Amino acid sequence: MKYRHLFFDLDHTLWDFEKNADETLRHLFDHHALARFGSFTVEEFISRYSEINHGLWRLYQANKITQQQLRSVRFVRTLAKFGVPEDEVPVTISKDFTDLLPQKSAVFPFTHEVLQYLQDRGYTLHLITNGFRDIQYAKLASSRLTDYFQEIVTSECSGCLKPDRRIFEHALERAGTSAPESLMIGDNLECDVLGAFNAGIDQVYFNPDKRRHSAEVTYEISCLSELKGFL
């Protein structure tokens with residue numbers, strides 16, 4: 001085999017972040033009686049939260065805000081868009097989100113089947129994630145993914161974030177392998193594909209929505225089952 005070690009992203013690649021977040025946000029909307037503010041629906045709340053959260057994650061990945069800042073402001077900013085004063089934002093809503101979200105277990109189609117297939121084929125599997133360590137480990141446990149992976153490399157343990165090539169180099173060192181023997185699988189063209197490319201690692205762009213792009217990638221798939229076609 002050309003590749004011996006496979007490095008996966010977690011959110012939006014194996015763990016279905018959008019589905020799990022949608023369920024969590026609907027629960028919080030009801031639990032904190034956000035309808036009492038009367039100016040927005042649960043769908044509008046989820047849409048605006050997603051927009052703001054993605055923007056804050058981009059800032060976090062660019063090292064412009066901290067983990068704590070991201071967690072503390074995303075609901076305040078979301079509800080502010082609907083005219084909710086900061087002092088009326090439920091005090092525990094951010095903690096409730098980070099407590100409940102990792103308990104969700106939805107994964108993309110064929111996740112378990114493909115990971116088992118790759119293990120059986122002799123590949124060693126690892127994770128590289130920008131997600132927070134405590135949250136990511138809880139997600140893996142809830143979705144029964146932990147046992148597939150030898151090394152779980154987070155931004156906190158490596159001291160840097162994807163697409164910084166150093167997190168990939170750290171992962172290679174942890175796995176005891178080299179770039180030519182490795183393959184990165186992820187959904188983000190910048191963080192996963194470009195980051196791996198800059199570290200000399202071949203890449204699989206997971207593109208389930210079949211978004212159009214002009215990036216050069218080693219492989220591209222829209223379903224995880226397609227990995228069986230070349231691994």
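Tutor: A nonpolar core is a set of buried Ala, Val, Leu, Ile, Met, Phe, Trp, Tyr and Cys residues joined through side-chain atoms within 4.5 Å. Buried means under 20% relative accessible area, exposed over 50%, and partly exposed in between (1.4 Å probe, protein chains only). The model is predicted: local features need pLDDT of at least 70 and side-chain atom pairs count only at pLDDT 80 or more, while totals for chains, interfaces and linings use all residues. Residues are numbered from 1 along each chain as its sequence is written, and side-chain values use heavy atoms, with hydrogens and water left out.

Student: Which residues touch the most other members of the largest nonpolar core?

Tutor: This core has 45 residues. Its largest share, five residues, comes from helix H1 (residues 17–31); helices are DSSP runs (H or I) of at least four residues and strands (E) of at least two, numbered from the N terminus. The members that touch the most others are Leu-6, Phe-8, Phe-149 and Leu-227.

Student: How are the rings of Phe-29 and Phe-45 arranged, stacked, tilted or edge-to-face?

Tutor: Rings of Phe, Tyr and Trp (its six-membered ring) pair if their centres lie within 6.5 Å; planes under 30 degrees apart count as stacked, over 60 as edge-to-face and the rest as tilted. The centres of Phe-29 and Phe-45 are 5.8 Å apart and their planes stand at 45 degrees, so the pair is tilted.

Student: Which parts of the chain does this pair link?

Tutor: Phe-29 and Phe-45 are both buried. They lie 16 residues apart, and the pair links distant parts of the chain: Phe-29 in helix H1 and Phe-45 in helix H2 (residues 42–61).

Student: What is the angle between the planes of Phe-108 and Phe-206?

Tutor: Both residues are buried. Phe-206 belongs to strand E5 (residues 202–206), and Phe-108 to the loop between helix H4 (93–100) and helix H5 (111–120). Their pair is edge-to-face, with 5.3 Å centre to centre and an angle of 90 degrees.

Student: Is Ser-182 buried or exposed, and what is its relative accessible area?

Tutor: Ser-182 is in strand E4 (residues 182–186). Leaving aside neighbours within four places in sequence, Ser-182 is in contact (heavy atoms within 4.5 Å) with residues including Tyr-3, His-5 and Phe-7. Ser-182 is buried, with a relative accessible area of 0%.

Student: How far is the backbone oxygen of Ser-178 from a polar atom of the side chain of Ser-182?

Tutor: The two atoms concerned are the backbone oxygen of Ser-178 and a polar atom of the Ser-182 side chain. The distance between them is 2.8 Å.

Conventions: Polar contact = N/O pair within 3.5 Å; in protein donor to acceptor, adjacent residues only side chain to side chain.
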